[in-house]
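Please look at the structure first.

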Amino acid sequence: MLYREAGQFKTSYAADQSLFPIAQDKWGVLLLLAFAAFAVPMLASEYMLNSILVPFLVFSLAAIGLNILTGYCGQLSLGTGGFMACGAFFAYKLTIAFPEIHIVAIFLLSGLGTAFVGILFGIPSLRIKGFYLAVATLAAQFFLVWMFNKFGWWTNYSPSGVISAPPREVIPGVVVTGTSGTPEAKYLFLLVFVALLALLAKNLVRSRIGRTWMAIRDMDIAAEIIGIRPMFAKLSAFAVSSFFIGISGALWAFCYTGSVEALAFEINRSFQVLFMIIIGGLGSILGSFLGAAFIVLLPLALSNGMLAVDPTISVALVAHIEFMIFGALIVFFLIVEPHGLARLWNLAKEKLRLWPFPY
């Protein structure tokens with residue numbers, strides 16, 4: 001009875017097109033953000049912040065980027081790991097070459113550089129699509145990781161090929177990168193950064209350019225007939241998607257791991273992010289967060305649950321059982337609701353709006 005828009009009147013077009021048409025949604029999101037900003041840093045342990053919440057936020061941003069390209073524009077991509085590597089190594093070179101630039105500007109610049117790379121590898125989308133385009137982006141994945149691993153200039157000729165994030169302050173006295181940053185500072189920085197970028201992505205997909213992406217996704221020939229330029233729509237989707245993924249790669253290297261090598265962004269990373277948007281929901285910003293939570297939290301819950309039942313079980317057996325259960329749950333979710341967890345959430349909200357009346 002509480003989740004209902006009765007008594008909420010919209011008297012303007014802007015109010016009708018607001019981000020949260022129901023007031024309960026707006027207050028729910030604000031309460032959730034307040035809880036995440038004030039309560040979580042005080043209640044969560046260092047392990048939860050470092051090993052669960054920080055990678056969850058980084059993966060959520062990568063999933064948003066891929067969802068823009070695949071979910072909203074309908075362009076398949078298997079090059080997510082390569083684009084994350086671009087963001088990480090671009091940010092490292094910028095930080096080393098220009099230490100006076102603010103770390104937020106470094107992350108944004110690394111995203112812009114990755115957007116340029118995304119446009120280059122998005123050019124084949126003008127002629128091919130579907131699985132053929134997926135293979136083309138797979139080539140980008142292999143080429144970019146090989147390039148960062150092959151040429152020592154990207155790592156400042158480090159013998160191990162590993163880049164280490166130097167300590168950088170977001171405000172005076174608060175270090176958020178490398179091993180010097182505290183888990184609370186890194187978490188709060190990522191929370192604000194990812195929330196702002198998610199808001200930007202949500203408004204982008206609601207804007208004119210977002211509608212062109214969805215028109216291309218639904219039927220590209222019909223979209224071209226009504227005046228939409230496929231070249232602009234597809235390349236802009238690749239650019240915006242790569243921008244978000246590049247920033248997530250920089251955050252991965254600077255705020256999560258602290259040091260990373262190119263092989264950390266191999267093809268498994270691309271599949272990991274792809275599973276997030278499939279399970280979370282294609283064409284949904286919320287689905288990107290739900291899919292990232294599913295991929296990050298479920299393996300930890302499975303392994304901890306099995307060890308709690310039988311502490312003597314071997315780690316190798318836990319890993320194998322975890323893979324089997326994880327795969328079975330993915331198939332189960334795809335059969336029950338192919339549109340992902342975001343669709344299940346929307347169905348639950350629609351039921352609440354109608355309850356207790358069936359129609």
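A residue is called buried at under 20% relative accessible area, exposed at over 50%, and partly exposed in between, with a 1.4 Å probe and protein chains only. Helices (H or I, at least four residues) are DSSP runs numbered from the N terminus. The model is predicted, so local features need pLDDT of at least 70 and side-chain atom pairs pLDDT 80 or more, while totals for chains, interfaces and linings use all residues. Residues are numbered from 1 along each chain as its sequence is written, and side-chain values use heavy atoms, without hydrogens or water.

Helix α4 covers residues 80-97. Of its 18 residues, 16 are buried, so α4 is largely enclosed by the rest of the structure. From first to last C-alpha, α4 reaches 26 Å, close to the 26 Å expected at 1.5 Å a residue; the expected span is 1.5 Å times one less than the number of residues.

A search of the whole structure finds zero disulfides, a disulfide being a pair of cysteine sulfur atoms within 2.5 Å. For C86, the nearest cysteine sulfur is that of C255, 18 Å away. C86 counts as buried, and so does C255.

Two other residues sit in helices. F275 belongs to α11 (residues 267-280), and L33 to α2 (residues 23-43). The C-alpha atoms of F275 and I330 are 8.5 Å apart, although 55 residues separate the two in sequence.

| Residue | Relative accessibility | Class |
|---|---|---|
| C86 | 0% | buried |
| C255 | 1% | buried |
| F275 | 35% | partly exposed |
| L33 | 39% | partly exposed |
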